[in-house]
Amino acid sequence: MSVTAETKRLTPSDLRLRKGAEPLVCLTAYTTPMARLFDPSCDLLLVGDSLGMVLYGFDTTLPVTLEMMIAHAGAVMRGSRRACVIVDLPWGAYQETPEQAFRNSARAMAESGCAGVKIEGGEVMAETIRFLVGRGVPVLAHIGLQPQSVHALGGFRAQGKSAAEAERILADARAVAEAGAFAVVVEGTTEAVARAVTEAIDIPTIGIGASARCDGQVLVSEDMLGLFTEFKPRFVKRYADLAPAIAAAAAAYAADVRARRFPGAEHVYGAPPAAAGPQ
Ligand code: KIV
């Protein structure tokens, strides 16, 4: 789709209506230049707290703050025109009470301009989701593997392999849909669980490591671009391999500077070629 000056931004309600229709395309985005590049191809840009790991070098998402999320969400809003932009509430910014969740959602939406928030948790967060939705905060839920619970889960491991876990994920999906979430991210689970969840609820499921049996897909952009190379989960497909290209560019620049090949005459103000303007 081409993006024109009149392009209307997709809303959470538009995404909600895509249940069972054309798959929802979602990528994480954290900066203005990346948002600009992703916007024409994506329905949803998620300002994920994964930025703590892929941009800031933390081992988990837990050290991410609300201030960091708001700053990156604002950057993504400035770089996009068509995609719906949703921001993750970070660890500790919503679990205490529904009122705390509302206060921080309101701040994130007012200060960044984004359309809603994502929070992790199923049945346990249903009351909070209902509270937020009832007060005008569109909520994207997140069930299955929940990275903010990494310590409680004992690591980043797929969920739903046992019958009991599968039942819990299904109950979580029903609870968040019933509480009014406009869609739900289903992370790190089996194809059978993803299919059961997608069939059981009337809001779109957006899978990550959850097979094709979802109403849409999301990937961490740094993973799919080959920029985050610390580890590659099984579910990631790399659509580019940018890390070696960037390292090679930095090495070529360093070699030029050390050999005094850069800057050349063409990069110097007031020197020929006469036709070149300031750059
Ligand atoms: O933080 C994030 O990027 C996410 C996606 C992986 C869904 O929650």
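Trainee: Is Arg 260 buried or exposed?
Mentor: Arg 260 is exposed, with a relative accessible area of 74%. Exposed means over 50% relative accessible area, buried means under 20%, and partly exposed lies in between, using a 1.4 Å probe and protein chains only.

Trainee: Good to know. What should I keep in mind about the model itself?
Mentor: This is a predicted model, in which local features need pLDDT of at least 70 and side-chain atom pairs count only at pLDDT 80 or more, while totals for chains, interfaces and linings use all residues. Residues are numbered from 1 along each chain as its sequence is written, and side-chain values use heavy atoms, leaving out hydrogens and water.

Trainee: Back to Arg 260, then. Where is it, and what is its phi?
Mentor: Arg 260 sits in the segment after H11, and its phi is positive, about 60 degrees, although it is not a glycine. Most residues other than glycine have a negative phi, and most peptide bonds are trans.

Trainee: Which peptide bond is cis?
Mentor: The one from Phe 262 to Pro 263 is cis, with omega near 0 degrees. Pro 263 is also in the segment after helix H11 (242-258).

Trainee: And what about Ser 211?
Mentor: Ser 211 has a positive phi too, near 70 degrees. Ser 211 belongs to the loop between strand S7 (205-208) and strand S8 (216-219), and it counts as partly exposed because its relative accessibility is 26%.

Trainee: How many helices and strands does the chain have?
Mentor: Eleven helices and eight strands. Those are DSSP runs numbered from the N terminus: helices are H or I with at least four residues, strands are E with at least two. Of the 279 residues in the chain, 49% are buried.

Trainee: Switching to the ligand, which residues are around it?
Mentor: Among them are Thr 28, Leu 46, Gly 48, Asp 49, His 142 and Val 185. A residue is listed if one of its heavy atoms lies within 4 Å of the molecule.

Trainee: Which polar side-chain atoms lie by oxygen atoms of the ligand?
Mentor: Ser 50 has one 2.5 Å from a ligand oxygen, Lys 118 has one at 2.8 Å, and Asp 88 has one at 3.1 Å.

Trainee: How much of the ligand's accessible area does the protein cover?
Mentor: The protein covers 96% of the 260 Å² of accessible area that the ligand has on its own. Such areas come from the Shrake-Rupley method with a 1.4 Å probe; for residues, only the protein chains shown count as cover.

Note on methods: A polar contact is a pair of N or O atoms within 3.5 Å; within protein, one must be able to donate a hydrogen and the other to accept it, and residues adjacent in sequence count only if both atoms are side-chain atoms.
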